[in-house]
Amino acid sequence: MSILTSENKRPTKRSAGRPLPELIFGDLWEFDPAPETADPKLKPRYDLFIGGRFVAPVSGKYFDSINPANETKLAEIAQANAADVDAAYAAAQKGFAVWSKLPGKERAKYIYRLARLLQDRAREFAVAETMDGGKPIKESRDFDVPMAAAHFFYHAGWADKLEYVAPGRKVAPLGVVGQVIPWNFPLLMMAWKLAPALAMGNTIVIKPAETTSVTALKFAEIVQDAGFPAGVVNIVTGFGDTGAAVLNHPAAVKVAFTGSTEVGKIIMRSLAGTDKKMTMELGGKAANIVFDDAPLDQAVEGIVNGIFFNQGHVCCAGSRLLVHEPVAAAVLAKLKTRIRTLRVGDPLDKNTDIGAINSREQLTRIEKLVASGVKEGADMFQPACKLPTKGYYFRPTVFSGVSMSHRIAREEIFGPVLSVLTFRTLDEAVEKANNTAYGLSAGVWTDKGSRILKMSTELKAGVVWANTYNKFDPTSPFGGYKESGFGREGGRQGLLDYCKLV
Amino acid sequence: MSSGSNAAFRRLFNEIGTVDQVGIEERVAKYTTRSIKKAAKVQGLKLAVTMVDLTTLEGKDTPGKVASLCQKALAPHDGLDCPQVAAVCVYPAMVRHARRALGEDTAVRIASVATAFPSGQAPLRTRLAEVKAAVADGADEIDMVINRGAFLAGEFQEMQDEIAAVVQACGDATLKVILEVSELETYDKIRAASFLAMRVIRPGDFIKTSTGKTSLNATLGNNQVMIEAIRDFYLETGTPIAMKPAGGIRTAKQALQFLIAVKETLGDEWLNNTRYRFGASSLLNDLLRQLEKEKTGAYQAPYYFSEAAESY
């Protein structure tokens with residue numbers, strides 16, 4: 001339909017034999033390093049946070065937290081075992097007796113305090129988050145930390161209005177909840193988990209991921225500064241066994257897990273037959289669907305934001321691009337041009353667009369899946385950007401000519417790797433988008449409003465973004481279909497998952 | 001809008017695509033978070049100086065004021081290793097005074113806003129005569145305004161024929177086509193007008209945002225729409241078109257943000273004053289002030305920098 005889109009309709013002003021015009025994104029005007037210099041105020045060693053105090057683990061064991069940007073040690077983190085988890089639950093049960101009896105408007109004061117103290121120390125937390133997880137400072141500064149604060153503000157507002165959460169019903173807190181969170185948005189996921197639970201009057205035992213425990217434990221300082229009653233928030237750190245102990249503990253009346261579908265299934269198996277309430281927010285393989293009438297440059301921007309945000313370590317990342325055939329060539333060309341200007345490197349540099357992969361383990365997993373894509377015959381494109389010699393980095397990668405049966409079109413890669421597929425009709429787009437075990441999110445790009453509405457009802461995904469991608473708000477419930485989990489976080493629906501109706 | 005113009009726009013949008021306002025404004029907001037430090041900052045500031053079309057466009061302009069503007073253009077500031085600006089931009093009646101002040105043997109070019117600037121509401125033959133007179137008086141570059149009335153009515157042929165006629169009248173002079181974006185209402189139409197203009201001008205001619213005489217002038221948003229149009233046109237036809245945002249760019253910080261947009265959209269080949277210009281006047285002294293700050297570490301009071309012109 002467009003002269004930009006179909007090779008044979010292009011005006012032939014270009015005389016035959018001359019080379020194709022190309023843009024040069026070189027080093028004519030190279031940016032100097034612009035590192036964020038705020039002090040992250042890290043302690044050399046972090047203990048467990050139980051009953052309002054930092055306590056050493058029973059085993060006396062600590063493990064190293066590594067900065068993935070340069071492979072240096074950031075801090076030592078306590079390794080909790082079952083005895084520590086028992087202590088945390090005992091503290092949380094004591095805390096529940098106090099916290100759940102407080103009137104909602106009193107609880108709100110504490111939660112507002114968390115939000116404000118986090119805002120006060122925003123730069124410090126942003127730098128710590130970036131050093132701990134490898135995400136670019138511009139994202140932790142402009143997204144993770146402000147969004148975490150926003151979640152506390154929003155839920156603090158709910159705490160004295162709980163009689164309106166479920167019209168016609170009364171709500172009561174559940175008790176002690178056990179929570180396990182992933183490494184992709186350590187602080188933000190913690191806010192998503194803590195804020196609704198606290199607003200409802202529950203107390204918490206939470207375990208951050210082993211590669212990203214630092215900001216959680218820094219947040220414990222904020223919990224102390226806010227003057228919370230002892231035992232309301234308890235943070236235990238460690239590996240998978242610690243997580244299992246937190247989720248399987250008999251005192252946990254509800255468990256909430258965000259992480260991979262694989263681990264989610266193990267947890268659900270081990271909890272089968274118990275009466276624990278559960279919410280699971282698991283993996284995704286979202287389809288980002290571009291129709292031929294979409295404004296292409298903005299769609300490309302959304303595609304880039306959808307898959308390269310946080311190095312693609314996003315459960316709702318738009319990792320499958322479905323392009324309408326008439327514009328497929330144009331979109332791919334624009335996408336490749338855009339990717340050449342992405343800056344990959346030191347996450348602390350304010351100009352970095354793509355930072356470090358969270359861990360060596362994850363880097364290996366990405367490399368393996370990318371190798372399978374090449375082997376299965378998809379066309380790989382990577383820009384020729386320089387990568388730092390130390391640290392875990394991976395070039396933004398686009399696979400075209402991908403078919404639905406390729407591994408890179410089915411498995412969650414959780415890295416900066418995009419698989420591009422095409423479709424001819426709306427029905428085909430829907431079928432391909434839904435042909436996955438996941439159903440967390442999707443994107444639709446079109447100028448036609450009716451098409452957006454149709455797609456949003458047909459797509460089996462918890463979120464469907466229209467002409468945008470990766471937009472979040474505390475008021476908006478987030479969660480999945482199928483193997484992407486169940487339960488919602490955020491909004492009124494998220495609160496309902498942390499209460500019982502009486 | 002009549003259904004005829006609607007159909008004309010629809011056909012054009014089908015060819016060249018549309019622009020999503022929310023999306024493009026999100027995109028340009030990212031340029032403002034780039035952090036330019038040290039050597040890169042000095043380089044960027046100097047680059048911006050070389051791209052300035054130092055402008056005075058006022059009814060009260062005099063030969064004396066134009067002479068002082070030319071002096072500023074040739075030697076922007078003492079004691080700074082500072083390049084000359086690209087051009088001075090004046091009304092046609094002032095071109096010969098500018099030529100006298102600059103001399104024949106100068107790298108600073110003379111641009112003149114011809115074609116009944118800023119409205120363009122004069123008979124075509126009057127406008128063409130104005131262009132020819134300015135070129136005869138020594139103008140190296142002509143800044144024309146498009147016929148917005150014809151464009152908005154969907155009379156694209158008329159609009160393009162007029163531009164083509166001005167191209168003829170220019171002879172060897174470079175042409176800059178002012179779209180006057182604030183009168184085009186939407187980003188879609190800015191893109192459309194950019195394409196229509198680019199199809200009838202020569203390689204190295206410019207498209208330009210605004211006259212500086214209306215409420216809204218150059219913004220990162222409309223600059224982005226136009227440089228994306230330039231990029232798409234170049235990749236499609238191989239014809240490089242140059243760009244000039246004008247009006248509203250007053251600070252060095254803004255200028256660097258526009259240059260970042262160019263670097264990340266059009267690339268290195270547009271980072272020079274044959275492909276990119278700033279239509280501005282107060283911008284120059286802010287660039288100089290920042291350069292002085294980078295050199296000495298201290299901000300100088302604004303009155304240390306000579307004023308040559310106050311316009312947009």
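Predicted model: local features only at pLDDT ≥ 70, side-chain atom pairs only at ≥ 80, totals over all residues.
Residues are numbered from 1 along each chain as its sequence is written, with chains lettered from A and ligands numbered from 1 in the order in which they are written.

**Overall build of chain B**

- Chain B has 12 helices and 8 strands, counted as DSSP runs numbered from the N terminus (helices are H or I, at least four residues; strands are E, at least two).
- With a radius of gyration of 19 Å, close to the 20 Å that the globule rule gives for 312 residues, chain B is as compact as a globular protein of that length; the radius is taken over C-alpha atoms, and the rule is 2.2 Å times the number of residues to the power 0.38.
- The C-alpha trace of chain B spans about 60 × 45 × 35 Å along its principal axes.

**Inside**

- Of the 312 residues in chain B, 54% are buried (20 or more other C-beta atoms within 10 Å of the residue's own, with C-beta atoms placed from the backbone).
- The largest nonpolar core has 106 residues, and B:Ala48, B:Val52, B:Val88 and B:Val177 have the most contacts inside it; a core is a set of buried Ala, Val, Leu, Ile, Met, Phe, Trp, Tyr and Cys residues joined through C-beta atoms within 7 Å.
- Leaving aside residues up to four places away in sequence, B:Val52 touches B:Val85, B:Ala86, B:Phe278, B:Ala280, B:Leu283 and B:Leu284.

**Where chain B meets chain A**

- The contact takes 36 residues from chain B and 32 residues from chain A, a contact being two residues whose C-beta atoms, placed from the backbone, lie within 7 Å.
- Helix 10 of chain B gives the largest share of chain B's side, 7 residues.
- That side divides into 10 nonpolar, 12 polar and 14 charged residues (Ala, Val, Leu, Ile, Met, Phe, Trp, Tyr, Cys and Pro are nonpolar; Asp, Glu, Lys and Arg are charged; the others, Gly among them, are polar).

**Helix 2 against helix 10**

- The axes of helix 2 (residues 21-31) and helix 10 (residues 220-237) of chain B come within 9 Å and cross at roughly 105°; axes are lines fitted to C-alpha atoms, for helices over the stretch in contact, and angles run from 0 to 180 degrees between N-to-C directions.
- That makes the two helices of chain B roughly perpendicular (65 to 115 degrees).
- Among the residues that meet here are B:Ile24 and B:Tyr31 in helix 2 of chain B, and B:Leu220 and B:Val225 in helix 10 of chain B.

Notes:
Parallel < 35°, antiparallel > 145°, perpendicular 65-115°, else oblique. Buried ≥ 20, exposed ≤ 12 C-beta atoms within 10 Å, placed from the backbone.
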